[in-house]
Amino acid sequence: MKGTMSEIEAVIGLETHIQLNTRTKIFCACRADSWGADPNTNICPVCTGLPGVLPVPNQAVIDKAVRLAAAMHVDEIRPLSYFARKNYFYPDLPKGYQISQYDETLARGGHLDLPMPDGSVRHVRIVKLHQEEDAGKTVHQGGRRLIDFNRCGVPLVEMVTAPDLRSADEAAQYLIRLRQLLRWLEVSDGDMERGQLRCDANVSIRPVGFEGLNPKTEIKNVNSIENVRAAIEKEIERQKREVEAGRRIEAWTLEWDEDTGTLRKMRSKETEADYRYFREPDLLPVRLEAGWLAAQRAALPELPLERKARFIAQYGLPAYDAEILTEERTLSEYFEAAVAARGGEAKSVSNWMMNDVLRLMRERGVLAGDLKLRPQHLASILRMVDERKITGSTGKELLARVEAGGQDPETLVAAEGLGQVSDEGALRQVARRIVEDNPGQVEAYRKGKVTLIGWFVGQVMRQTGGKADPQRTRAVLEEILAAGTDA
Ligand code: ZN
Ligand code: MN
C-alpha cells in the first residue's frame, strides 16, 4: 500500500457488549447488578455451573433485547431463535462455555443513525446482534490471580457494526449515540466505567477510494469514550507509520493501557472454529408470538433523533436547542410538558431550561425527571415574568427556591411579597430620592456621561430588593434626570 498520509483513511468497526439493567441475571435469580459487592457473594449453583443445574431464561432480558433490536431498525426479529454454547477454557468461565447465540440469533440486520457534522445521517450497519451471558472477572493482586464469579450470568447484548466508521471521532460519536439510545430505551445504564457498555475496536487503514479491506488489529479493554478515541487515534497513526516504512500490518489483538496511554500486544486471537459452537441443549428455542412482537414494536418510544427533528419542525427551535433538549428522554419530556403548561412560548421555555434548569440539574446531580421543580412550576414562573408580575431575576431565584422546597411558585410570590414593584408612585419616589442623594453622578450624567443610567437603575434595584421592573425603572429615571435639566 503506497500513498501519502493525507490519502489514507481509517476503517473502523466496533464490537460492543451492553449490560442489560434487568433486576436478575439471565438464567438464574441472582441480582444482575453486583457492582461494588464483595467477590463471590452474588452467585448460585446455576451461574457458577455446578453439576445438575438447569438454566431458566429471564423474560425481562428478552423484552429488553427485543426493544433494543427494534430501535436499531433491524430487518427482522426472528420468531424463533436459539441459544448456543461457545466453548472456551478460561478461569473466570466456570462452566467451560458461555451461553450465547450463534446462527439463529435474536435479530438480523439493522443500523444505528449517526448524525454527521455536515447535517447528513450515516447508517452504521449492525452485522450481529445477540443475547448472551457474561463471564466472571479475573483480578490480579499481589502476584496472584483472584477470580470473582459475581458477574457470571449477567445479561448482555452483543452488537457488532460493519466497518462503517472512518475516524476515531466517528467511533466516539457512535458510542455517545448508542449510550444515549440505551438510556432512552431504559434497557441499560450504559456506564462504561462500570463495564455496562464495553467496546472493542477493529481498526485498519487504506488509501481513499480503495474499496477492499486490509488486515486489521483489534483493540480491547477500553473503558471510556475518551479512551476509545485516544486508542484508535494512536493505532491509526501506528499503522500509517508501519505502512510508510514498508511493513505489513499484522492481525494483532492490542490491549489499551489506560495508565500509560499506550497499546500492548496481547495473545493472538482464537478463530471461530476454536469455539466449537453448538446449540445449547439445556434451553428451548425462544419463540416470539407475532402479536407480542408487533405490540413491542408499537410500544417503542419516539427515538432521540426523531424527537429532535420534531422539536425543530413543531416548535421552531434552533437545531442547537433541539439537540440539547433531546440528549436525555426525561429532559425532552420535561420541555414538552412545560411548553404545554405555558400554552406555547417554546423558545422562552427552551432558553430557561438550557440556562437555568440544566444548571439546577447539574448542581443537584439529577435528571430532569427527578427535579422537584416540575414543568408546571417552570411554566407558572415564566408566565409571571411575562406578565411582569415578577422580575426575571426574581424568577431565577424562584427556580432554586421551588427546587429546594417544592412549593407552588405563585403561592411563594404572594406569601413573601416577591411581586414586582408595579406601583408607579412608589417607583418614582425611590428614583427621585436616589437622584437627590447623588448630585455628583447626576451632574456627570447631565454633562453627557449617559452610560451612568445603568448605575442609577442598579441603585433602584438595590433599594427595591430586585423587584422593580428594570425597563420601567430606566424610563422613569431618564424622565426625572431630563426634567432636572430643563428646570
Ligand atoms: Zn446465579
Ligand atoms: Mn460476546
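Modeller: Before the metal site, one definition: donors are N, O and S atoms within 2.8 Å of the metal, and water is not among the atoms, so sites may look incomplete. Note also that this is a predicted model.

Biologist: Which residues coordinate the manganese ion (ligand 2)?

Modeller: The donor atoms are NE2 of a histidine and OE of two glutamates, at 2.0 to 2.2 Å. Along the chain these donors follow the spacing H-x114-E-x25-E. The coordinating residues are His17, Glu132 and Glu158.

Biologist: How many residues apart are His17 and Glu132, and in which strands do they lie?

Modeller: His17 belongs to strand β1 (residues 8-19), and Glu132 to strand β8 (residues 121-133). The pair links distant parts of the chain, and the separation is 115 residues.

Biologist: Is Glu132 buried or exposed?

Modeller: Buried means under 20% relative accessible area. His17 has 15%, so His17 is buried. Glu132 has 2% relative accessibility, and therefore counts as buried.

Biologist: How is the protein chain divided into domains, and what distance separates the centres of domain 1 and domain 2?

Modeller: The chain is divided into domain 1 (5-295), domain 2 (332-416) and domain 3 (424-483). Taken over C-alpha atoms, the centres of domain 1 and domain 2 are separated by 41 Å.

Biologist: Which element gives the most to the lining of the second largest pocket?

Modeller: By class, the lining has 7 nonpolar, 2 polar and 8 charged residues. The elements that give two or more residues to it are α2 (168-184), α6 (319-325), α7 (329-342) and α8 (346-364). The element that gives the most, with 6 residues, is α2.

Biologist: Which strands stand at the edges of the open sheet of 3 strands?

Modeller: The order is β5-β4-β16, with antiparallel pairing. Strand β4 (residues 84-87) pairs with β5 over 4 bridges, and Lys86 stands opposite Gln98 in β5. Two strands have a single partner each, so one side of each is left without a neighbour in the sheet. These edge strands are β5 (97-100) and β16 (278-279).

Biologist: Which residue in β14 is the bridge partner of Ile219?

Modeller: Ile219 is in β13, where Ala201 stands opposite it. Strand β12 (residues 197-207) and β13 run antiparallel, joined by 4 bridges. With strand β14 (residues 253-257), β13 runs parallel, through 3 bridges. The partner of Ile219 in β14 is Leu254.

Biologist: How many residues of strand β13 are buried?

Modeller: Strand β13 covers residues 217-222 and is mostly covered. Of its 6 residues, the number buried is 5.

Biologist: What distance separates the C-alpha atoms of Val442 and Ile453?

Modeller: Val442 has its place in helix α13 (residues 439-446). With a relative accessible area of 6%, Val442 is buried. Val442 and Ile453 are 11 residues apart along the chain, and their C-alpha atoms are separated by 9.5 Å.

Technical notes
Residues numbered from 1 in each chain as written. Chains lettered and ligands numbered in written order. Predicted model: local features only at pLDDT ≥ 70, side-chain atom pairs only at ≥ 80, totals over all residues. Heavy atoms only, no water. Donors = N, O, S within 2.8 Å, 3.2 Å for Na, K, Ca; no water. Buried < 20%, exposed > 50% of the residue type's maximum accessible area, 1.4 Å probe, protein only. Nonpolar A, V, L, I, M, F, W, Y, C, P; charged D, E, K, R; others polar. Pairing = 2+ DSSP bridges. Domains from an automatic or database assignment.
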